[in-house]
Amino acid sequence: MTDAALDHVFDVTEQNFEAEVINASLDTPVLVDFWATWCEPCKTLGPLLEQLATEYKGAFRLGKVDVDKSQQLAAMFGIRSVPTVMLVKDGQIADGFAGALPLGQLREFLSRHVQLLEDGEDVEAPEVPVETPEAAINRLQQAIAAEPDRAELKLDLAVALAQAGRSDAAATELDALPANLATDARAVRLRQQLELARALKDAPARAELEQRIAADATDWQARDLLGVRLLLGGDPAGGLEQFLAILEKARDWNDGAAKKRLLAAFGTLDDAELVGRYRRRMASLLF
């Protein structure tokens with residue numbers, strides 16, 4: 001490790017995890033690298049991550065977890081194989097991947113979440129061409145054909161299929177993932193998104209649902225479907241309000257569906273402040 005990297009790389013333990021990862025991520029994203037001394041791919045990935053930590057000049061910090069020494073942390077994150085990397089931002093897992101990615105893919109991963117810094121000031125990150133979901137699907141299918149053993153590409157494909165609106169195909173790819181990727185943060189999040197989207201199959205349009213609720217405020221099915229439509233349609237607060245209304249007045253409706261919807265929604269949202277606010281409101285109704 002270089003002297004420059006030392007400023008931005010640290011060891012994560014059970015003792016410093018809350019302060020140095022969770023709390024620190026409220027200000028600066030923390031990339032957590034789960035590794036082991038016996039892991040050959042870790043020996044390739046580790047130096048690349050340290051190189052990027054130096055290049056980004058404090059825009060993110062790199063926390064390293066030796067899974068043999070910190071088994072409790074590895075278990076908490078559901079780590080099934082190493083290397084596995086998680087990005088913690090605003091106090092929660094924002095993204096992650098398994099396996100040793102090449103430098104170009106690591107840069108692409110970071111560009112989605114971290115802005116480069118220069119001399120302590122924000123500067124524009126290199127422009128990354130916008131790739132359509134269909135183009136991503138074609139690229140990933142070719143990559144999988146060339147390297148069928150790289151299971152992480154299949155998770156990338158599942159995400160691209162979902163973004164293209166091909167939910168059934170995305171679900172099929174998810175179900176075929178190996179155990180170590182089935183609990184990956186992106187896989188869990190995508191599965192929750194697909195379950196929400198599945199509820200809208202053959203569902204009435206938003207206007208019809210709103211009319212039903214105007215005519216009968218206790219039409220819980222209409223509220224539930226409207227909540228999902230709003231959540232997936234760019235109005236997450238509006239969707240969460242519908243689920244809370246059901247939770248407040250009909251907690252046990254449809255086997256506690258409102259609570260399940262809220263928990264699934266929290267797992268798909270990036271807005272930590274919004275999620276925290278509605279988690280507190282949900283807790284006040286439940287307890």
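**Exercise 1. Find how many aromatic pairs a search of the whole structure gives, and classify the pair of Phe-17 and Phe-77 from its ring centres and planes.**

Solution. The search finds four aromatic pairs; rings of Phe, Tyr and Trp (its six-membered ring) pair if their centres lie within 6.5 Å. This is a predicted model, in which local features need pLDDT of at least 70 and side-chain atom pairs count only at pLDDT 80 or more, while totals for chains, interfaces and linings use all residues. Residues are numbered from 1 along each chain as its sequence is written, and side-chain values use heavy atoms, with hydrogens and water left out.

- Step 1: the ring centres of Phe-17 and Phe-77 are 5.7 Å apart.
- Step 2: their planes stand at 85°, so the pair is edge-to-face (under 30 degrees is stacked, over 60 edge-to-face, the rest tilted).
- Step 3: Phe-17 lies in helix α2 (residues 17-23) and Phe-77 in the loop between α4 (71-76) and β4 (84-89), so placed 60 residues apart that the pair links distant parts of the chain. Helices (H or I, at least four residues) and strands (E, at least two) are DSSP runs, numbered from the N terminus.

**Exercise 2. Describe how α12 packs on α13.**

Solution.

- Step 1: α12 (residues 220-232) and α13 (residues 236-249) pack at about 155°, with axes 6 Å apart. Axes are lines fitted to C-alpha atoms, for helices over the stretch in contact, and angles run from 0 to 180 degrees between N-to-C directions.
- Step 2: the two helices are therefore roughly antiparallel (over 145 degrees; under 35 is roughly parallel, 65 to 115 roughly perpendicular, the rest oblique).
- Step 3: contact (heavy atoms within 4.5 Å) involves residues including Trp-220 and Leu-231 in α12, and Pro-236 and Phe-243 in α13.
- Step 4: the contact residues of α12 with α13 divide into nine nonpolar, four polar and three charged. Ala, Val, Leu, Ile, Met, Phe, Trp, Tyr, Cys and Pro count as nonpolar, Asp, Glu, Lys and Arg as charged, and the others, Gly among them, as polar.

**Exercise 3. Describe how α7 packs on α8.**

Solution.

- Step 1: α7 (residues 151-163) and α8 (residues 167-175) pack at about 160°, with axes 8 Å apart.
- Step 2: that makes α7 roughly antiparallel to α8.
- Step 3: Lys-154, Leu-155, Leu-157, Ala-158, Leu-161 and Ala-162 of α7 meet Ala-169, Ala-170, Glu-173 and Leu-174 of α8.
- Step 4: this contact of α7 with α8 has eight nonpolar, no polar and two charged residues.

**Exercise 4. State the mean pLDDT of the protein.**

Solution. The mean pLDDT (the predictor's confidence in each residue, from 0 to 100) is 86, and 93% of residues reach 70 or more.
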